[in-house]
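Take a look at the protein below. We will start from one residue and then widen the view.

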Amino acid sequence: MRSRTLLLPLALATLAGCAGEPATQCTSEPRSAWQDADAFQQNLLDQGYQINEFKITEGNCYEIYGFDPEQTKVEIYFDPVDGSVVKREEG
């Protein structure tokens with residue numbers, strides 16, 4: 001019983017820490033200034049990316065999950081205005 005009492009506060013602290021992580025911010029430009037999402041994805045495909053999932057984040061980013069042209073598994077946040085990489089995670 002004692003171990004459950006100790007694990008609950010630890011689990012709650014872990015969850016609270018995750019919730020406080022700020023979202024990656026890519027732009028504050030209005031959506032009218034963004035590149036077309038379909039054209040943006042097609043450009044990535046033409047460059048050799050494989051896109052498993054594409055989404056628009058709370059931080060106004062285009063985000064992909066998939067593989068880069070070198071076949072490295074990636075999660076990449078792009079600025080939707082200029083297409084630059086804001087954040088990249090591999091693995």
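In which strand is the place of Q50? Q50 sits in strand β1, which spans residues 50–56. Strands (E, at least two residues) and helices (H or I, at least four) are DSSP runs, numbered from the N terminus.

A word on the source. This is a predicted model, in which local features need pLDDT of at least 70 and side-chain atom pairs count only at pLDDT 80 or more, while totals for chains, interfaces and linings use all residues. Residues are numbered from 1 along each chain as its sequence is written, and side-chain values use heavy atoms, with hydrogens and water left out.

Back to Q50. Its relative accessible area is 37%, so Q50 is partly exposed. Here buried means under 20%, exposed means over 50%, and partly exposed lies in between (1.4 Å probe, protein chains only). Leaving aside neighbours within four places in sequence, Q50 is in contact (heavy atoms within 4.5 Å) with Y65, G66, F67 and Q71. Y65 is 15 residues away along the chain, and the two C-alpha atoms are separated by 8.4 Å. With Q71, the side chains make a polar contact at 3.1 Å. Such a contact is a pair of N or O atoms within 3.5 Å; within protein, one must be able to donate a hydrogen and the other to accept it, and residues adjacent in sequence count only if both atoms are side-chain atoms.

Now the whole protein. It has two helices and four strands. Along the sequence they follow the pattern α-α-β-β-β-β. Of the 91 residues, 26% count as buried.

Next, the interior. Nonpolar side chains tend to be buried together in soluble globular proteins. The largest nonpolar core here has ten residues: W34, F40, L44, Y49, F54, Y62, I64, V74, I76 and F78. Two or more of them come from each of α2 (37–47), β2 (62–67) and β3 (73–78). The largest share, three residues, comes from β3. A nonpolar core is a set of buried Ala, Val, Leu, Ile, Met, Phe, Trp, Tyr and Cys residues joined through side-chain atoms within 4.5 Å. Leaving aside neighbours within four places in sequence, W34 touches T27, E29, I56, N60, Y62, P80 and V81.

Finally, confidence. pLDDT is the predictor's confidence in each residue, from 0 to 100. The protein averages 86, and 78% of the residues score at least 70. Over residues 10–18, pLDDT stays under 50, and the model has zero contacts there beyond four places in sequence. Where pLDDT is low, the predicted coordinates should not be read in detail.
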